[in-house]
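Thanks for coming. I will take a few minutes to walk through one structure, and I will keep to what can be read from it.

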Amino acid sequence: MPRKPIGVLALQGDFELHRKSLEDLGRSVLEVRAPAQLARVRGLIIPGGESTTVGKLLISSGLADAICKRSEAGTLALFGTCMGVILLAKNIQNRHKGQYSLDLLDITVERNAYGRQVDSFEADLPVRGMGLNGTPFRAVFIRAPKILATGPGVETLAEFDGSPVLIRQNNILGATFHPEITVDTGIHKAFCEMADK
Amino acid sequence: MASRKSTAKTTGNAKVAEKKTELRTETGTLRVKVGLAEMLKGGVIMDVTNAEQARIAEDAGAVAVMALERVPADIRKEGGVARMADPEKIMEIMDAVTIPVMAKCRIGHFAEAQILEAMGVDYVDESEVLTPADEHFHVDKFQFKVPFVCGARDLGEALRRIGEGACMIRTKGEAGSGNIVEAVRHMRAVQSAIKRLTVLPEEELMTEAKALGAPFDLVRWVARNGKLPVPNFAAGGIATPADASLMMQLGAEAVFVGSGIFKSEDPAPRAKAIVEATTHYKNFKKLAQLSRGLGDAMAGLDISKMDEKDLLQTRGW
């Protein structure tokens, strides 16, 4: 049976880079801008971008409700990178007026927690679990959010400076860095396996 | 992304010990600098002149704001020397919003760029909209941790700027004109020159680099990859949702709107409509709907009737 395409939320952000990572793994990719497209995928990547922008576009496109329903029914695996983590989070520290989130991932997150763009950085991180045991992963953090707290159902797969940076809660995966910017497709591969189950 | 290494200094003191592993972090790398431009793709960057406008832009869904003292239409009208905005003004805007804040420095004015970097501005636009400070040389952008965007009218100019370290290219268009014709000309010129390179035999690339006035390694990279090594945005004259859709369909990866929003009759709904139009740029029914009832767009100028000396796009070398 042919595998279903992986969806990439294409409202705004670096969705092209996620497309490339998935295509490098031999997966077909569907850009998702409307609920009809979401219905065709079992996994959706929420890319890096601006959370205030995409929050509004999620609502106006009707995708916000559709994503929540599918996720709660357990029929949609989700992978958020950077902005994606903010949009999935239940709690946003100092939530900006009108800042929307899907309220699915049991974490508290702080936006732009490492400073401004001049403080954006990259580092090698060891990643645990999902068949990635101990492999150093080049993690690129751009105006990155910080996960301040995680609920009981959230597993930490990598951390930096004492904070979780790669987490999993059932069929939701979240990275505060950008695995789509580097050529290592290990984390994308692990997500595809989650989506295919 | 080009396989060149940034010569920007990396911090040696940013070592963070995590348990037993010593983690070395690097800031200001080319990957991190180009990375922010990647995150802005599919979005709208709006010119703002105060905190109130910045909040309107953020609430409308802008991915970033450009902090200015005067929008290009006013710079054009009032004349005089246009310089980097007052840091007080920029700080006020940085404090007002959570999205990235960009600011402009004059072409070649590396001291203005150093000041903007020290303030923590997220992107510097070395811009032809301001009065050039150097008529021969642009800023050596590799010396900075803050990324730079530069304007270009054709592929050679784009690759010269990237060769100097620009991490994002935008069309120059004709700023403050409210007229899309120049941005279209510049985007088409860049795209068609890129397509041409991809079909040239290898032995013709050096002569092509000479004709373009562009670094050979970048010419070869473009020939092989069929795109610029950094994100390619549209700017200069965008005033309506249809203008945004046009530029995206011509190959822009995001749009800058300068005077087009706050020189229009009703800025907030227009800003919101341009954001939606940039995302759904190929959904024409949606574009029809969101173009309705936005009030008057900015008046605009007929560029064919303008004097050559009044053009901003001819600044830069």
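I start in chain B, where strand E4, residues 44-48, is joined to E11(B) by 3 bridges, and the two run parallel. To place that pairing by residue, B:Val44 has B:Val255 in E11(B) as its bridge partner. Before going further, please keep in mind that this is a predicted model.

What order do the strands of the open sheet in chain B take? Its 8 strands are arranged as E10-E9-E8-E7-E6-E5-E4-E11, with parallel pairing. Strand E10 (232-233) and strand E11 (255-257) of chain B are at the edges; each has a single partner strand, so one side of each has no neighbour in the sheet.

H2(B) lies across E4 and strand E5 (64-67) of chain B, and its direction is at about 165° to E4(B). Helix H6 of chain B, residues 155-163, packs on the sheet and touches strand E8 (148-152) and strand E9 (168-171) of chain B. The direction of H6(B) makes about 160° with that of E8(B).

Now to the two chains together. How many residues does each chain bring to the contact? Chain B gives 43 residues and chain A gives 42 residues. Between them the chains bury about 3500 Å², and 55% of that is on carbon and sulfur atoms.

The interface of chain B and chain A has 4 salt bridges. One of the salt bridges joins the side chains of B:Asp122 and A:Arg143, at 3.1 Å from N to O. Polar contacts between chain B and chain A come to 21 residue pairs, with both residues at pLDDT 80 or more.

Which elements of chain B supply at least two residues each to the side that touches chain A? They are strand E1 (15-18), strand E2 (21-24), strand E3 (26-27), helix H1 (30-39), helix H2 (51-60) and helix H12 (267-279). H1(B) has the largest share of that side, with 7 residues. Sorted by class, the side of chain B that touches chain A holds 16 nonpolar, 12 polar and 15 charged residues. H2(B), then, is on this list and also lies across E4 and E5 of chain B.

There is strand pairing between the chains as well. Strand E7 of chain A, residues 121-127, is joined to E3(B) by 2 bridges, and these strands run antiparallel. Here A:Phe121 has B:Thr27 in E3(B) as its bridge partner.

Last, chain A by itself. It has an open sheet of 3 strands in the order E5-E6-E9, with mixed pairing. Strand E5 (89-92) and strand E9 (146-150) of chain A are the edge strands; each has a single partner strand, so one side of each is without a neighbour in the sheet. From one strand to the next, the twist averages 35°. Strand E6 of chain A, residues 105-110, pairs with E9(A) in the antiparallel sense over 4 bridges.

To finish with salt bridges, the count over all chains is 36. One of them is between the side chains of A:Arg27 and A:Asp196, at 2.7 Å from N to O. That pair links distant parts of the chain, 169 residues apart. A:Arg27 sits in the loop between helix H1 (15-24) and strand E2 (29-32) of chain A, while A:Asp196 is in helix H6 of chain A, residues 186-196.

Technical notes. Residues are numbered from 1 along each chain as its sequence is written. Chains are lettered from A and ligands numbered from 1 in the order in which they are written. This is a predicted model: local features need pLDDT of at least 70, side-chain atom pairs count only at pLDDT 80 or more; totals for chains, interfaces and linings use all residues. Side-chain values use heavy atoms; hydrogens and water are left out. Contact means heavy atoms within 4.5 Å. Buried area is the accessible area (1.4 Å probe) that two parts lose on being put together, summed over both. A polar contact is a pair of N or O atoms within 3.5 Å; within protein, one must be able to donate a hydrogen and the other to accept it, and residues adjacent in sequence count only if both atoms are side-chain atoms. Ala, Val, Leu, Ile, Met, Phe, Trp, Tyr, Cys and Pro count as nonpolar, Asp, Glu, Lys and Arg as charged, and the others, Gly among them, as polar. Two strands pair if DSSP finds at least two bridges between them. Axes are lines fitted to C-alpha atoms, for helices over the stretch in contact, and angles run from 0 to 180 degrees between N-to-C directions.
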